[in-house]
Every structure is written in structure tokens, then in C-alpha cells.
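User: I have a structure open and a few things to ask about it. Can we go through them one at a time?

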Amino acid sequence: MEIVYVYTRKRSEFGRPCSFSDRPAKVNVDIPPDPSMASGFILRDPVDSYVQHTSDMSEHEVNTERVEVESRGVNHVEGGWPKDINPQEVEQTIRFRKKVEKDENYINTITHLGTLMEHCVKQNNAINIYEEYFEEEEMAEAEDEPPSAKTINVISKLTSFFNVLLSKRDPNVTKRTATHLSWHPDTRKKLAVAYSSLEFQKNMKDMSFDSYIWDLENPNKPELVLKPSSPLVTLEYNPKDSHVLVGGCYNGQMAYWDTRKGGLPVEVSTVEVSHRDPVYGAIWLQSKTGTECFSASTDGQVLWWDVRKLSEPTEALVLDITRKGLLENALGAVSLEFEPTMPTKFMVGTEQGIVIACNRKAKTPPEKITSTYSSHHGPVYALARNPFYPKIFLTVGDWTARIWSEEHKESAIMWTKYHLSYLTDGCWSTVRPAVFFTTRSDGTLDVWDFLFKQKDPSLSLKVCDEPLSSLRLQDNGCVVGCGSKLGTVTLLEISSGLCTLQRNEKTLANAMFERETKREKILEARHRELRLKERARSEGQDTEVEEKPAESPREVLNRTRREFFEVIEMELQRRAQAETQHLRGKVPGVGRTGNRSRDSLPRGRGRGSASAFQVKDRAGEEVAAAQREESQLPKDREEEEEEEKDAT
């Protein structure tokens with residue numbers, strides 16, 4: 001090995017710290033420009049150059065396994081008993097408790113623990129650890145924020161298992177529609193979705209009937225699979241018992257589930273006493289037992305049920321607006337509305353675009369239908385009362401959404417513009433009285449705030465490419481779920497400005513509702529007055545015609561003859577004047593003028609009589625006979641003129 005360089009250093013210099021000092025800058029090399037070299041360069045225009053100052057990087061992808069979350073529960077049973085005591089025997093347990101309570105050690109322990117517990121309780125009462133100190137500033141920031149929404153979760157419906165876990169996709173060729181959504185009443189983490197295909201001709205024999213309950217913290221797998229006998233069109237949680245759900249099936253049956261007992265229904269109504277068409281609405285009633293509900297279907301019936309006994313309905317109502325109670329005249333129901341603050345009243349939206357207001361506690365079935373509202377050109381897909389003002393309700397159908405007042409039945413007090421696509425569902429905001437949501441068949445979610453803007457929605461968001469079919473808002477008003485025709489459920493978080501009650505909003509909204517209701521009443525009164533005047537005018541004309549005396553047939557003939565000759569005379573005068581003006585414009589000739597005058601007059605009379613027949617054709621056979629007599633005169637006159645021409 002050849003040594004080229006050798007570096008030597010004293011041992012004492014190893015590890016010695018460096019000593020730095022400041023000194024002025026020094027120029028090591030200075031190369032001035034040389035003008036003589038400019039002739040050797042050529043100017044380039046333009047010049048593209050780039051310099052890369054970063055190090056080369058390579059992109060790598062790593063697919064990590066998703067953490068699976070599973071819900072588990074623990075059932076705690078009273079324990080700690082000695083072996084010689086059976087906890088099921090009440091007498092033994094009471095005897096043992098009395099023995100323990102007399103022990104001095106037990107009394108001292110309880111006294112010590114009681115003191116510590118009392119200190120903790122007093123401390124919690126003295127200090128609120130959840131107090132918000134800057135709530136006003138947050139509200140001020142929220143008011144300035146523009147309306148917006150963001151997608152927080154997307155649930156794609158699969159029939160049995162998930163492609164993430166077992167790589168199995170939905171075996172159904174025809175995707176099912178998410179027809180109804182229902183939020184868990186106690187927690188906001190669960191969502192029940194009813195799936196069914198409402199297109200009868202596209203239903204397959206092997207199509208799944210299952211519906212699902214989703215846990216939003218684990219959207220890869222449904223928490224529970226509901227297995228009805230027919231696809232569910234509607235599904236609702238019981239607000240008093242979150243373990244119980246009621247569902248309306250495609251074949252008209254009613255079923256209810258207890259999630260503690262699995263996915264099979266606890267009880268199903270028999271086909272003979274159920275609806276004849278799909279159940280589009282099912283709502284729980286406010287009752288002491290918490291087991292009563294009612295349903296509506298396109299077969300024209302509203303049925304009341306007790307889920308403890310689904311063998312037959314407790315009550316029925318036929319939606320016949322003629323109040324005859326005939327099922328063949330009933331209107332099919334596609335939406336249902338019930339307000340707990342008005343337990344006896346409910347409303348039904350029909351296929352024919354009519355909203356029917358009903359009262360369950362009326363004495364007779366015809367009296368149960370209290371009023372009707374002609375709202376839309378097609379089915380009323382959504383019907384909802386305002387949670388702050390129950391007399392104001394929202395209807396969604398055809399291309400518009402309309403706001404109605406119970407006090408005014410002739411027309412809506414407010415309505416949206418006509419959209420290019422159909423509206424499919426809608427609901428009010430649960431926290432703001434002036435905000436409501438609508439979905440469209442082009443996959444758009446519209447948020448309307450009519451205190452801010454009346455002609456256009458405050459926020460329009462394209463959720464998906466397929467039509468949206470269902471809509472449901474959480475009770476806090478911040479998260480909205482949208483179901484699509486292909487079974488995809490999208491959850492969106494609304495901006496705080498749209499889900500926070502604004503200052504004086506209730507007062508302003510109430511004032512607007514009252515003002516619009518009063519305006520519609522004034523317009524309706526004016527229209528009613530004009531219709532009465534028009535009716536009175538038409539009736540007056542009819543009476544004048546009736547007061548004229550009836551003419552005899554002879555008088556009718558004389559009047560017709562007189563009018564006929566007047567028309568003949570007027571026609572002759574007109575033709576004579578036209579002939580005179582025509583002759584004045586030419587050189588006069590005696591024979592020619594005389595022949596022309598004699599030739600033109602009878603022909604004019606002949607043509608005049610023909611026109612008179614066309615004008616005055618009034619009087620039956622008598623008039624026709626009179627006209628034939630008069631028409632004979634011009635013919636004789638024409639024969640005489642022809643003889644005079646031959647002689648000349």
C-alpha cells in the first residue's frame with residue numbers, strides 16, 4: 001500500500017475546543033467582466049432554465065390494517081356472598097346483612113368513606129369543571145362564518161359482508177334504495193336505515209330483504225342486520241325505548257324488533273289485517289306504555305297498532321275526502337306527520353298532491369278528516385311541522401317546497417322557486433325556526449334560510465351523482481344524513497351558522513309567518529269578491545234574457561224578412577257607389593256605359609242576394625222559403641238583359 005499523505009498532530013491537541021473569532025470579510029477571487037468576449041456570445045430569447053436544489057425523493061405507499069372496534073357489554077350481578085349463603089334466598093341474605101351491619105369494622109369503614117364522598121360531592125357543586133368561559137366570542141365568530149357543510153362519513157350498503165373484510169360485494173344486480181333513516185334517540189352514534197327497491201318491475205327474486213343499523217364509529221360493518229319478511233320501506237326508533245324499532249314493509253305488513261333479541265322481528269302483523277300497499281309512513285305515538293304507533297299506506301288507509309299485539313289494528317281510518325268512507329275513493333298516502341304536542345292531530349300527504357289534516361278523537365269517521373290542502377301537482381313526498389310553530393308546516397313535492405299555515409287553506413304562504421329537477425324529501429331544522437332542508441333528484445342538498453335569502457337556497461351542495469331519496473337531521477341540528485337511490489348514506493356536518501339559533505330569530509320568523517298569512521288572506525278575500533261580482537253579472541244577464549217576451553213564429557218570419565231586405569239594400573248601395581267610382585276613372589262611352597250599367601246591376605243584385613243568404617241564415621224553413629221567392633227576381637231580370645244584348 002502506497003502512502004500519499006501523512007498527517008501528524010500532537011497528542012495534546014486532540015480534543016481541544018475550537019476558538020472562534022470575528023474578522024472582516026475578505027475577497028478571495030474577483031473576476032471582472034471582459035467586454036472583448038461579448039462578441040463570442042449570441043443572445044437567446046426566450047431562455048428556459050431551471051435549477052433543482054432539493055434532493056431526489058421516492059414515493060412509497062403502505063397499506064396498514066384497520067383497527068376493528070367491537071361493542072361489548074358486561075352484565076354485573078350482585079356478588080361477594082359467602083359460600084354457605086345462597087344469594088337467591090331472600091331470608092338468608094337479609095339475615096347476613098343484619099349480621100354485617102352490627103360489626104364495628106363495617107360501621108367505621110362506612111363512616112370514613114362517607115366523609116370522603118361528601119367532600120367530593122361538595123367540590124363538584126362548588127366548581128363547574130365544564131363551564132365555558134369564551135362562549136360569547138365563539139358565537140360572534142360563528143355568525144361571521146359563511147354557510148357550509150362537509151362530509152364526515154359515507155356508508156355504502158352491502159348485503160351481507162364487507163368487501164374490506166372478505167372481499168365480497170353486493171350480489172344484487174339492482175341496487176336498493178335507502179328509503180328511510182332514523183337516528184338513535186339516546187346517542188348520536190347509531191343510524192337505522194331501511195333498504196328497499198320501490199321499482200316493482202326491477203325487483204329480482206334473489207334480492208336481499210335486509211336492512212341495517214350502523215354504528216358510525218365502525219362504519220365498515222353494520223352493528224345489527226334486520227331480517228324482515230319483506231323489504232322495509234320505513235323504519236323508526238322508539239323514542240322511549242331505544243332498543244325497540246318498528247318497520248313498515250313493502251307488502252304492507254308491520255313488524256317490530258328488539259335489538260337485544262337479535263335481527264329477527266319479535267312480531268309481524270298478519271297479511272289479512274295489514275295494508276294492501278307499501279307502508280310509506282310509521283310513527284310512534286305518545287302513550288303511557290310507549291308501545292303504540294300508527295301507519296299510512298298508498299292503499300288509502302291509516303291504521304293504529306299496539307306492538308304488543310300486532311294480530312289486528314286497534315283503529316282504522318279511510319282517507320276518503322268525500323267523507324263517505326269508501327276505500328275505492330280513498331287517496332293513497334305517501335307521507336305522514338305527527339306532532340307530540342298535539343297528540344290528537346296528524347296530517348297525511350297523498351299521491352294526488354293533497355294534504356289531509358285529521359283529528360283522531362272525532363266522534364264519527366267523516367269528522368276525523370277536518371280539512372284538506374291542495375298543495376302540489378304530484379305526490380307529497382315530505383310533510384313536517386315547524387318544531388317552534390306547530391301551526392306552520394312544510395310540504396315537499398313536484399319541483400317546489402311550500403310553507404303553509406293551518407289558518408289559511410286556499411294557498412301556501414311561502415314557496416320556493418321551481419327547480420329543474422324533482423324534490424324528493426325535506427325537513428325543518430331542529431334548532432332554527434327559519435331553516436329547512438330539501439333533497440333533489442339530481443343529488444343536490446339545499447339548505448334554505450328565508451330570513452337570509454328567499455329566492456335561492458343559502459347553501460346548495462352536490463352530495464352524489466345519483467338521486468337522493470331520503471333525509472334525516474339529528475336532534476342537535478348539526479349532522480344531516482342523506483340516503484341515495486343506490487343505497488349510499490352520506491353524513492354531512494353543517495356549519496355552526498346554520499345550526500346555531502341567531503339573535504331574535506324566533507321573533508323575526510314568527511313576524512314573517514304572520515305577515516305572509518295575513519297577506520294571503522287579503523288576496524284570497526279580494527279574489528272571492530271578484531268571483532262574486534262576476535257571478536252576479538252573469539246571473540243578471542240571464543235574467544234579462546228571460547224577461548224578454550217570447551216571439552210568435554209569424555213575428556220571427558216578418559223580422560227576418562225585414563232584416564234580409566235591409567241587407568240587400570245596403571249591398572246594392574255599396575256596389576253602386578263602387579261602380580260609379582270605377583267609371584269616373586275611364587273615358588266615357590254611351591253604349592258601353594249603358595250596357596255596363598245594365599249588365600252590372602243585376603249581377604250585383606244576384607251576388608248580393610247570395611251574400612245575404614250567407615249572412616242571415618236564422619229562421620228555419622220559413623226564412624228559406626222567403627229567400628227562394630226573392631232569389632227568383634234576379635233570375636228574371638238577367639234573362640231580360642240577355643235579350644236586350646242580343647237585340648243590340
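User: Where is asparagine 504?

Analyst: This is a predicted model. In it, asparagine 504 lies in the loop between strand S28 (488-494) and helix H6 (505-547).

User: Is asparagine 504 buried or exposed?

Analyst: Asparagine 504 counts as exposed because its relative accessible area is 52%, and the cut-off for exposed is over 50%.

User: And what about phi of asparagine 504?

Analyst: Phi of asparagine 504 is near 60°, which is positive, and the residue is not a glycine. Most residues other than glycine have a negative phi.

User: What is the phi of aspartate 398?

Analyst: Aspartate 398 has a positive phi too, of about 40°, and is not a glycine either. Aspartate 398 sits in the loop between strand S19 (392-397) and strand S20 (400-405).

User: Buried or exposed, for aspartate 398?

Analyst: Buried: the relative accessible area of aspartate 398 is 1%, and buried means under 20%.

User: New topic. Where is serine 484, and what does serine 484 touch?

Analyst: Serine 484 is in strand S27 (residues 479-484). Leaving out residues up to four places away in sequence, serine 484 touches Thr177, Ala178, Cys464, Glu466, Pro467, Leu468 and Ser469.

User: Why does serine 484 count as buried?

Analyst: Because its relative accessible area is 1%, and the limit for buried is under 20%.

User: Now cysteines. How many disulfides are there in the whole structure?

Analyst: The search finds zero disulfides in the whole structure. A disulfide is a covalent bond between the sulfur atoms of two cysteines.

User: What classes of residue are in the lining?

Analyst: The lining of the second largest pocket has nine charged, eight nonpolar and seven polar residues.

Notes
Residues numbered from 1 in each chain as written. Predicted model: local features only at pLDDT ≥ 70, side-chain atom pairs only at ≥ 80, totals over all residues. Heavy atoms only, no water. Nonpolar A, V, L, I, M, F, W, Y, C, P; charged D, E, K, R; others polar. Helix = DSSP H or I, 4+ residues; strand = E, 2+ residues; numbered from the N terminus. Buried < 20%, exposed > 50% of the residue type's maximum accessible area, 1.4 Å probe, protein only. Contact = heavy atoms within 4.5 Å. Disulfide = S-S within 2.5 Å.
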